[in-house]
2 protein chains.
Amino acid sequence: MTRFVAPGQRGERVFSPFLLLPFCHANRMPHITAEIISIGDEMITGARLDTNTQWLSQRLGELGVDVQFHTTVADTLSHNTDVFRIAARRADVVVATGGLGPTRDDLTREAIAESLGLPLQLHEPSLEFIRGMFKRRGREMPERNHCQAMFPLGSTPIHNPQGTAPGIDVRATREDGTQSRIFALPGVPAEMKTMFDESVAPAVLAANGQRQHIAHHIMKFFGIGESDMEAKLGDMIARDRQPRVGITVSAATISLRIVATGDTPDACQAAIANTREEILEKAGEYYFGDGETFEQHHAVIRHLNEVGQRLLLVELGRAAPLGDWFAAVSDEPGFTADVPAFVGGISLANLDDLRQWTGMPDDASAETCLTALRQRLSADWVLLVDEYPSLHQTNDHPLPGSDVTFLVAAPDGSFPSITQHLGAHPSILHARVAKAGLFWLRKCFVTASSGV
Amino acid sequence: MTRFVAPGQRGERVFSPFLLLPFCHANRMPHITAEIISIGDEMITGARLDTNTQWLSQRLGELGVDVQFHTTVADTLSHNTDVFRIAARRADVVVATGGLGPTRDDLTREAIAESLGLPLQLHEPSLEFIRGMFKRRGREMPERNHCQAMFPLGSTPIHNPQGTAPGIDVRATREDGTQSRIFALPGVPAEMKTMFDESVAPAVLAANGQRQHIAHHIMKFFGIGESDMEAKLGDMIARDRQPRVGITVSAATISLRIVATGDTPDACQAAIANTREEILEKAGEYYFGDGETFEQHHAVIRHLNEVGQRLLLVELGRAAPLGDWFAAVSDEPGFTADVPAFVGGISLANLDDLRQWTGMPDDASAETCLTALRQRLSADWVLLVDEYPSLHQTNDHPLPGSDVTFLVAAPDGSFPSITQHLGAHPSILHARVAKAGLFWLRKCFVTASSGV
């Protein structure tokens, strides 16, 4: 007999044949090892890049778990079964992503059941949850989604607040009596991440002795390369340092991730605060904020809200990412204002088109156009990007790029501008140009604030 | 006794204990299976995203090889040995990247030797090659690079024209007498890619009988969900179908990838053409183009270029992705025009702001604003998105979303519009709304072209 908890009551298991066995054998704690399994034809054929595994590796590392293997496998039942069998043998924790959808290709439920020698059973509360999800969307649940409520005997559903695929939390007992714990999550990154943070991470921490607390904090930087940042930080990025400082780069934005472990949450936070101060002393001039999703445009909107000023954007050339970024910020908690700081954005091919739009003569300067726009649209600041380069290579430079001018119309009537050669891999070039523009705008803010 | 060929004479093996055995057992040919192994702490910890494996998966697939497993492992000898042992057992071809450098962390040579039970032997020509490489850079070879000339007995060095690490080509004989062929390449992407193309791919094709050709083709669709598309395609997506049809979804756009194998390239292309027709019969109303990177905005620009008309975009609310997408299209070969079809984009908070921008009274309709803009900016078509929803959930719907109106100002003076409830995961909601807008615009194109 197996009873499942309702999907809402995650983590609370009513019955499991393995319940009385320890999570992993005692002499291995707290050194928990892990394997990450990624399931799907789109990964195995190279049609899609597997970013889930990278994310999970980072998160498990922060929890003190020693990730030792990643395995990717196609949507083939026998291969999936083999992969789960091997993983359960060699890793204490197995986190799998993908294969939980409602189609014939989704085989994770069967693969886990078969590899552990367990039958699949219907979990009524999960079925009700899935039905309810469709109902709220005004649809009947298709018959094929029924299989998403099937679970290997003895497993616990992992609540999925965002989709119809619940995860699976199940223990495998090895020949020597030790256990491996398998967490199967959907492949949709957002669902996977939420479920990992809400359900898997707490379970892993609890299994890891519960005294060990972990906290992390992310600081963001722009205007410095990775190697230069590493040189500035010196020993701070050593792997055995506590708290550990990890460096990652995404489209020219540097993130420093401080991970502290300690006996109490307060001890973790205190250690993070000290390390944060140390980092600011070394690289403060490039720092613009904290938090994984905090970008320079957040820093810009925050500043404008504080001083009660408004920004208009004009993007010329082969891209217009800033309009999209700033439109989205107004939706984020903490960045709203009675009078939104973002007036709006204009995307045009070139300066001639801007003259036509603003009704200026053919020889009008960019400054004249910006002044007209600023007055007409009640903006305090205007940032002009002139212009986003082509993504194609030129003979002069190994990477695509070009000279880009950032012209700012400031509230005091001045027009600070800078021209830089900006080149980068095509996949990040436009974002890099946009960020360099925001870096310049932020410098103009500082000059204006200090009255220089 | 083992003799190696000089690294320059790649592929020509003088002696191997396995030479007389076939590459893989006859009844499995030409169905060659493969496993890709990626070696390195930086991948296993998530510090670096593994793009080598994706690249190799795509290339091996094109060679007609059935990639079945990817494995990633840290720089730990025992784990590496296990991984090679498992791979040699289950895959005909094993392609490994990483671990061939000169440092203590580079363990691939030892791991392969140990997993196959072969001793490592110095290969003098490789040592000379490495010494020469340093000499040309004006340096003495450090002692630690000596290990890069050590090879498992019976293996063939794979020439590396760009670096000091030769690759390893070695055969493992299984218990049943069949063989697995292991190719170990460096982790540096440029070196890995050159060595794969120059040495590994020809070896794999030769082993595959050389008669088998492969071709693929991608078709794109919007306006239909994945499950509904699967239902429409029926048996066409069966895994044993020839040509095979694979389905993937990215932000509500569906890609169907047709992969055909045959005796000649023409046979492959003919099979693809037939399957493509069959798909169009079943789901043609949602089809908008061909090619991995072809999106609806490409279809829109292509149409506008054909009919010599121009488009202006007005995006209201919490996003403005279309301005960025369309600005970028003008940079792509095949989509340029003397008079660019994309006039420009405006991103604003709401309709009130649009009235202010266009100098219209507070009670002016959206249609009036669009007409004014169209005339002022010499556009034929205007698409208004009113408006991009908040990414936050509401009580009514499990996913964020809202009613969105797409209003089109058509050249004939009509204003076709549609209002839809659009909801999706926050990571794709704005893109989905933008794509739904383009779907509506394309319908308006069809109506205009047919004179309805």
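**Notebook: chains A and B, then two elements of chain A**

I began with the polar side of the interface and noted 19 residue pairs in polar contact between chain A and chain B, both residues of each pair being at pLDDT 80 or more. The model I am reading is a predicted one. I then sorted the residues on the side of chain A that touches chain B, and they divide into 26 nonpolar, 24 polar and 18 charged.

Next I looked for salt bridges between the two chains, and the count is one. Its partners are B:Arg244 and A:Asp41, whose closest N and O atoms lie 3.0 Å apart.

I turned to the extent of the interface, where 68 residues of chain A are in contact with 69 residues of chain B. Together the two chains bury about 5,300 Å², and 51% of that area is on carbon and sulfur atoms. On the chain A side I picked out A:Leu49, A:Asp331 and A:Trp357, which supply 12% of the area that chain A buries against chain B, more than any other three residues.

What are the neighbours of β8(A)? Strand β3 (residues 93-97) of chain A runs parallel to β8(A) and is joined to it by five bridges, with A:Val93 standing opposite A:Arg181. Strand β7 (residues 167-173) of chain A runs antiparallel to β8(A) and is joined to it by six bridges, and here A:Ile168 stands opposite A:Ala184. I recorded β7(A) and β8(A) as a hairpin with five residues between them, where A:Gly177 in the turn has a positive phi of about 90°.

Last, I looked at helix α12 (residues 366-376) of chain A, whose buried residues are A:Ala366, A:Cys369, A:Leu370, A:Ala372, A:Leu373 and A:Arg374. These buried residues pack against several elements of chain A, including β13 (311-317), α11 (351-358) and β16 (401-409). Just after α12(A), I found A:Ser378 with a positive phi of about 55°.

Conventions
Residues numbered from 1 in each chain as written. Chains lettered and ligands numbered in written order. Predicted model: local features only at pLDDT ≥ 70, side-chain atom pairs only at ≥ 80, totals over all residues. Heavy atoms only, no water. Contact = heavy atoms within 4.5 Å. Buried area = accessible area lost by both parts, 1.4 Å probe. Salt bridge = Lys/Arg side-chain N within 4 Å of Asp/Glu carboxyl O. Polar contact = N/O pair within 3.5 Å; in protein donor to acceptor, adjacent residues only side chain to side chain. Nonpolar A, V, L, I, M, F, W, Y, C, P; charged D, E, K, R; others polar. Buried < 20%, exposed > 50% of the residue type's maximum accessible area, 1.4 Å probe, protein only. Helix = DSSP H or I, 4+ residues; strand = E, 2+ residues; numbered from the N terminus. Pairing = 2+ DSSP bridges.
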